[in-house]
Amino acid sequence: NEKLSERIKWNVPSFFYKKDMLAFHLRAKNSIMLVFIFYNGTMIESSGLLEGDYKDRRMAKFYSLEDIQNKKEELEKVVNTWVDLIENL
């Protein structure tokens, strides 16, 4: 998404647009993990990409380059939906 900016926050690469949106979880073992940060109970539904039941975040895990490629469309959908929601917060 063209609206996203990247920075180092919480000592990890993270992305924001008006608010913090997601960060890499660098301590994840055997996967690349993204942590999506949500506000005021706002959550995004996804078809299996987002995991967890925390009140303010969800995780997306990727286990290989092939896994990333297989989940690319759903990841793009989640990011674009989240940017749209942030527009209205």
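Asparagine 30 is exposed in this predicted model, because its relative accessible area is 73% and the class of exposed residues begins over 50%. The residue sits in the loop that joins strand 3 to strand 4. Its backbone has a positive phi, near 65 degrees, although asparagine 30 is a residue other than glycine.

Tryptophan 10 also has a positive phi, of about 60 degrees, and is not a glycine. Its place is the loop between strand 1 and strand 2, the latter covering residues 12-17. Tryptophan 10 has a relative accessibility of 49% and therefore counts as partly exposed. Trp10 is also one of the residues that line the second largest pocket.

**The chain as a whole**

The protein chain contains 1 helix and 5 strands. Read from the N terminus, the order of these elements is β-β-β-β-β-α. The C-alpha trace spans about 35 × 30 × 30 Å along its principal axes. For a chain of 89 residues, a compact globule would have a radius of gyration near 12 Å, and the 12 Å of this chain agrees with that expectation.

Of the 89 residues, 36% are buried. The accessible surface of the chain amounts to about 6100 Å², and carbon and sulfur atoms account for 47% of this area. When contacts between residues at least 6 apart in sequence are considered, 41% of them join residues at least 24 apart.

**Three residues within the elements**

Lysine 9 belongs to strand 1, which covers residues 5-9. With a relative accessibility of 28%, lysine 9 is classed as partly exposed. Apart from neighbours within four places in sequence, lysine 9 is in contact with Ser14 and Asp20. Lysine 9 and lysine 55 are 46 residues apart in sequence, and their C-alpha atoms are 21 Å apart in space.

Methionine 59 is part of strand 5, residues 57-62. Is methionine 59 buried or exposed? Methionine 59 counts as buried, because its relative accessibility is 11% and the buried class lies under 20%. Once neighbours within four places in sequence are set aside, its contacts are Met33, Leu34, Val35, Leu49, Leu50, Glu51 and Tyr54. The C-alpha atom of methionine 59 is separated by 11 Å from that of leucine 75, which is 16 residues apart from it along the chain.

Aspartate 67 is located in helix 1. Aspartate 67 is buried, its relative accessible area being 14%. Not counting residues up to four places away in sequence, aspartate 67 touches Lys61 and Phe62.

The table below sets out the volume of each pocket and the classes of its lining residues.

| Pocket | Volume | Lining by class |
|---|---|---|
| Largest pocket | about 350 Å³ | 11 nonpolar, 2 polar and 2 charged residues |
| Second largest pocket | about 240 Å³ | 7 nonpolar, 2 polar and 1 charged residues |

The largest pocket has a volume of about 350 Å³. Its lining is made up of 15 residues, of which Leu34, Ile68, Leu75, Glu76 and Val79 are the closest to the centre. Strand 3 (19-25), strand 4 (32-37) and helix 1 (65-87) are the elements that contribute two or more residues to this lining. Which element gives the most to the lining of the largest pocket? Helix 1 does, with 6 residues.

Leu34 is among the contacts of methionine 59, and leucine 75 is the residue whose C-alpha atom is separated from that of methionine 59 by 11 Å.

The second largest pocket is lined by Trp10, Asn11, Val12, Ala23, Phe24, His25, Leu26, Arg27, Val35 and Ile37. The elements that supply two or more of these residues are strand 3 and strand 4. Strand 3 provides the largest share, 3 residues. Val35, which belongs to this lining, is also in contact with methionine 59.

Methods: Residues numbered from 1 in each chain as written. Predicted model: local features only at pLDDT ≥ 70, side-chain atom pairs only at ≥ 80, totals over all residues. Heavy atoms only, no water. Helix = DSSP H or I, 4+ residues; strand = E, 2+ residues; numbered from the N terminus. Buried < 20%, exposed > 50% of the residue type's maximum accessible area, 1.4 Å probe, protein only. Contact = heavy atoms within 4.5 Å. 1 Å grid on protein atoms, 1.4 Å probe; cavity = no way out; pocket = protein on both sides within 12 Å on 5 of 7 lines; lining within 4 Å. Points joined across faces, edges and corners; volume = space filled by probe spheres on them. Nonpolar A, V, L, I, M, F, W, Y, C, P; charged D, E, K, R; others polar. Rg over C-alpha atoms; globule rule 2.2 N^0.38 Å. Areas by Shrake-Rupley, 256 points an atom, 1.4 Å probe, with all protein chains shown as cover.
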